[in-house]
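Have a look at the model, then work through the solutions.

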Amino acid sequence: MNATQTGILAGLILGLAATQGFTAFLVTLAVGIIGLVVGRILDGELDLSDLFGKGRDK
């Protein structure tokens, strides 16, 4: 299991710890997406320097 899979799994499990109902679904979805992004960063599949403008030539 790579970091992306671990991140999304951890995010979904943490989201399920929230209250029940539609709000819990939204919290689970949001935390799962955060876990996915963190896992992609750790795997090196997502480079945030492109988003924040680091390394751009002026």
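**Exercise 1.** How many helices and strands does the secondary structure of the protein come to?

*Solution.* This is a predicted model, where local features need pLDDT of at least 70, side-chain atom pairs count only at pLDDT 80 or more, and totals for chains, interfaces and linings use all residues. Residues are numbered from 1 along each chain as its sequence is written, and side-chain values use heavy atoms, leaving out hydrogens and water. Now count DSSP runs, numbered from the N terminus (helices: H or I, at least four residues; strands: E, at least two). You get 3 helices and 0 strands, in the order α-α-α from the N terminus.

**Exercise 2.** Find which elements have the lowest and the highest mean pLDDT.

*Solution.* Start with the whole chain: pLDDT (the predictor's confidence in each residue, from 0 to 100) averages 75, and 83% of the residues score at least 70.

**Exercise 3.** Decide whether Val 37 is buried, partly exposed or exposed.

*Solution.* First locate it: Val 37 sits in helix H2 (residues 22-43). Next, the cut-offs: buried is under 20% relative accessible area, exposed is over 50%, and partly exposed lies in between (1.4 Å probe, protein chains only). Val 37 has a relative accessible area of 35%, so Val 37 is partly exposed. For the chain overall, buried residues make up 16% of the 58 residues.
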